Amino acid sequence: MLLLSEPQKPAELADRLRDTYAVTTEFLSDVIRQTCRRFPSTGQSGKTARVERLIQSGAWTDAAMALIELELPQWQIRRIVYDEGEWHCALSRQRELPEWIDQSIEARHADLPLAILMTFVDAQRASTPSIRTSVPTVPREVNPLYEPVCCDNFT
């Protein structure tokens, strides 16, 4: 269980979601712990209590949709489709736009709640402001295989 207590990168969480076959209370609690900034919310205690009730009752699909409503109020489910054994889910900020113009977040999985959670995690990642400078940074790690080479022609 050491893996669950360490902070994980968003890519690692996406890999865990893709490789999971079914949602459990512990798994969903871990996803909430790693991605949700507003949970538990004191200003929205009714929505937080609803998510907790849905998780306790095992209503994974409704819990995933309630998480989107609580954490990403500007995002809406654009499409949920079952095709060839997989659920395809798309979230969008502007559902009214034609699909070819809209920049939606899409994911697919054999399990519907996991497909919704995958789009939730991707939308959460897209919604977080990036802390980047205008100038690229140089990694501070020293590569042990790096050796400077002088390539001037001294003749």
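Entry 1: I began with Asp30 and Arg33, which both lie in helix α3 (residues 25-35), 3 residues apart, or about one turn of the helix. Helices here are DSSP runs (H or I, at least four residues), strands are DSSP runs too (E, at least two), and both are numbered from the N terminus. The model is a predicted one, where local features need pLDDT of at least 70 and side-chain atom pairs count only at pLDDT 80 or more, while totals for chains, interfaces and linings use all residues. Residues are numbered from 1 along each chain as its sequence is written, and side-chain values use heavy atoms, with hydrogens and water left out.

I found that Asp30 forms a salt bridge with Arg33, with the closest N and O atoms 3.3 Å apart. The term stands for a side-chain nitrogen of Lys or Arg within 4 Å of a carboxyl oxygen of Asp or Glu.

Is Asp30 buried or exposed? Asp30 counts as buried because its relative accessibility is 1%, whereas Arg33 counts as exposed at 56%. The cut-offs are under 20% relative accessible area for buried, over 50% for exposed, and partly exposed in between (1.4 Å probe, protein chains only). I also noted that Arg16, Asp30 and Arg33 are linked in a network of salt bridges.

**Entry 2: pairs between strands.** Next I looked up Arg79, which forms a salt bridge with Glu106, the closest N and O atoms being 3.3 Å apart. Arg79 lies in strand β1 (residues 76-83) and Glu106 in strand β3 (residues 105-109), so this pair ties together parts that are 27 residues apart in sequence. Arg79 is partly exposed at 21%, and Glu106 is partly exposed at 49%.

Then I checked Glu86, which forms a salt bridge with Arg108, the closest N and O atoms being 3.3 Å apart. This pair links distant parts of the chain, with Glu86 in strand β2 (residues 86-92) and Arg108 in strand β3, 22 residues apart. Glu86 is partly exposed at 25%, and Arg108 is partly exposed at 48%.

How many salt bridges does a search of the whole structure find? I wrote down 8.

**Entry 3: the rings.** My search gave 1 aromatic pair. The ring centres of Tyr82 and Trp87 are 4.9 Å apart and their planes stand at 55 degrees, so I put the pair down as tilted. For the rule, rings of Phe, Tyr and Trp (its six-membered ring) pair if their centres lie within 6.5 Å; planes under 30 degrees apart count as stacked, over 60 as edge-to-face and the rest as tilted. Trp87 is partly exposed, at 25% relative accessible area.
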